Amino acid sequence: SLLASVRAASQIISYELPLGLALIVTSSAVAGDAAKAKRDLMSAKDKAEGERWDGFDDAMKRVTADMEGLSDADKKPLLAEVEAIRALVTKSIEGDVTKRLDRAAKAEPGSRKLDTQRAEMRLKSDEAAYADPAALAKLNARLASLTGAAAPGATTTTPPATAALSLRSRF
């Protein structure tokens with residue numbers, strides 16, 4: 001009877017121990033990890049500074065996951081670093097797209113296609129999701145003016161007859 005009680009107690013402990021460990025692991029994963037977020041931010045910043053975009057999106061997604069559950073005080077310096085990275089990404093995209101659109105604007109209409117397509121691809125790239133939306137909107141509007149397409153999210157407020165007249169006056 002005593003042996004049966006000891007066996008029963010050891011089974012209970014062996015069943016509770018893994019459950020207890022799972023709860024510890026789960027609770028630390030929910031709490032966030034500021035040190036890991038900082039490492040991932042440094043990795044993302046390094047990629048952005050070198051304009052090496054492979055793995056940039058994954059690093060930023062890890063940062064988001066690492067920051068889940070952190071206090072506002074712990075997030076504050078990390079969010080400041082995210083803004084610095086946003087500025088780097090925006091500057092890179094603005095420089096690249098502006099260069100391509102400037103070249104397209106000077107080219108003959110039939111020769112613009114490659115530069116406008118590359119500009120559009122850059123504006124739709126994974127890293128563009130981390131750029132300043134206002135800067136992207138301006139670049140998209142400029143791209144649309146060169147291609148004749150509507151800018152994403154833009155609505156036409158010009159009546160069709162007026163639009164046709166304004167097109168004629170440009171050429």
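**Close-up views of a predicted helical model**

View 1. The coordinates come from a predicted model. D57 counts as buried because its relative accessible area is 15%, under the 20% cut-off. Leaving aside neighbours within four places in sequence, the residues in contact with D57 are D126 and Y130.

**View 2. The largest nonpolar core.** This core has 28 residues, and those that touch the most other members are F56, M60, I85, V89, I93, V97 and L123. Two or more residues come from each of α2 (34–49), α3 (56–67), α4 (72–106), α5 (113–123) and α6 (133–147). The biggest giver is α4, with eight residues.

**View 3. V89 up close.** Let's zoom in on one of the core residues listed above, V89. Not counting residues up to four places away in sequence, V89 touches A48, W53 and F56, and also E127, Y130 and A131.

**View 4. Helix α2 against helix α4.** The axes of these two helices lie 10 Å apart, and α2 and α4 pack at an angle of about 15 degrees. That value makes α2 roughly parallel to α4, since angles under 35 degrees count as such. Their crossing is left-handed.

**View 5. The residues where α2 and α4 meet.** On the α2 side you will find A34, A37, K38, L41, M42, A44, K45, A48 and E49, which meet L78, E81, V82, I85, L88 and V89 in α4. By type, the residues of this contact divide into 11 nonpolar and four charged, with no polar ones.

Note on methods. Residues are numbered from 1 along each chain as its sequence is written. This is a predicted model: local features need pLDDT of at least 70, side-chain atom pairs count only at pLDDT 80 or more; totals for chains, interfaces and linings use all residues. Side-chain values use heavy atoms; hydrogens and water are left out. A nonpolar core is a set of buried Ala, Val, Leu, Ile, Met, Phe, Trp, Tyr and Cys residues joined through side-chain atoms within 4.5 Å. Buried means under 20% relative accessible area, exposed over 50%, partly exposed in between (1.4 Å probe, protein chains only). Helices (H or I, at least four residues) and strands (E, at least two) are DSSP runs, numbered from the N terminus. Contact means heavy atoms within 4.5 Å. Axes are lines fitted to C-alpha atoms, for helices over the stretch in contact, and angles run from 0 to 180 degrees between N-to-C directions. Angles under 35 degrees count as roughly parallel, over 145 as roughly antiparallel, 65 to 115 as roughly perpendicular and the rest as oblique. A crossing is left-handed if the near helix is turned anticlockwise from the far one by less than a right angle, and right-handed if clockwise. Ala, Val, Leu, Ile, Met, Phe, Trp, Tyr, Cys and Pro count as nonpolar, Asp, Glu, Lys and Arg as charged, and the others, Gly among them, as polar.
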